[in-house]
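I opened my notebook for a friendly look through this one. Here is what I looked up, entry by entry.

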Amino acid sequence: MEDIDVSLFELNKKISKADVREVEHLCDKGEYLIGLGFCIMQRYMFDVLRDVDINPFEARALGPFSTFGEPVAELIHSAANYWKHEPEWHIWLEKLKERSQETVDKVLHHRDSAHYPLSDLLADLNGSLEHTLLGCLPHLADWRKAVYEHIEKK
């Protein structure tokens, strides 16, 4: 994820110097890279769960919570799913199915709308720190620890 963060840093530098007409294109690239990062995190979460006996829904409720009280693991999972499926929602659907709408609502993280919801969510998860994908690693480490502690109690 470090390479993606380097690319995001370079994009942010370009955005700060860009003409108004270029900003949207650059922000779209950033949103794409952030979505890819959330997918990497989701894959890590599935790898952690591979050899343990716990329901994935139950596991995603464990660990740290966002400032709004949402499980961070669930937010990361929803962000990855949003990035993977959002293009098909706009092409084939007039109205989102309930599960898809729930994913969107989680990614918006208590906003009514957002032009760059993954970027906004990443900022929420990083708090006052620099907005990087690597900034989410402590959340994932805390989540993994909570999963293992939960399993040991069973």
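How many helices and how many strands are there in the chain? I found 7 helices and 0 strands, taking both as DSSP runs numbered from the N terminus, with at least four residues (H or I) for a helix and at least two (E) for a strand. Along the sequence the pattern reads α-α-α-α-α-α-α.

A note to myself on the ground rules: this is a predicted model, where local features need pLDDT of at least 70, side-chain atom pairs count only at pLDDT 80 or more, and totals for chains, interfaces and linings use all residues. Residues are numbered from 1 along each chain as its sequence is written, and side-chain values use heavy atoms, with hydrogens and water left out.

**Whole chain.** I looked up burial next (buried is under 20% relative accessible area, exposed over 50%, partly exposed in between, with a 1.4 Å probe and protein chains only). Buried residues make up 38% of the 154 residues. The chain exposes about 9700 Å², with 53% of it supplied by carbon and sulfur atoms; the areas come from the Shrake-Rupley method with a 1.4 Å probe. I then turned to contacts, meaning heavy atoms within 4.5 Å. Of those with a separation of 6 or more, 67% join residues 24 or more positions apart.

**Aromatic pair.** I found 1 aromatic pair in the structure. The ring centres of tyrosine 32 and tryptophan 83 are 5.1 Å apart and their planes stand at 65 degrees, so I logged the pair as edge-to-face. (Rings of Phe, Tyr and Trp, the last by its six-membered ring, pair if their centres lie within 6.5 Å; planes under 30 degrees apart are stacked, over 60 edge-to-face, the rest tilted.) Tyrosine 32 sits in α2 (residues 20-49) and tryptophan 83 in α4 (residues 72-92), so the pair ties together parts 51 residues apart in sequence. Tryptophan 83 is partly exposed, at 21% relative accessible area.

**Threonine 132.** I located threonine 132 in the loop between α6 (117-126) and α7 (137-153). Is threonine 132 buried or exposed? With 17% relative accessibility, it counts as buried. Its side chain reaches the backbone nitrogen of glycine 135 at 3.0 Å. Beyond neighbours within four places in sequence, threonine 132 is in contact with Asp5, Leu122 and Asn126.

**Helix α7.** I listed the buried residues of α7 as His139, Leu140, Trp143, Ala146 and Val147. They cover an arc of only 120 degrees around the axis, which puts them on the same side of α7; the arc is that of the directions from the helix axis to the C-beta atoms. On the face turned away from that buried side, I noted the exposed residues Lys145 and Glu152.

Terms used:
A polar contact is a pair of N or O atoms within 3.5 Å; within protein, one must be able to donate a hydrogen and the other to accept it, and residues adjacent in sequence count only if both atoms are side-chain atoms.
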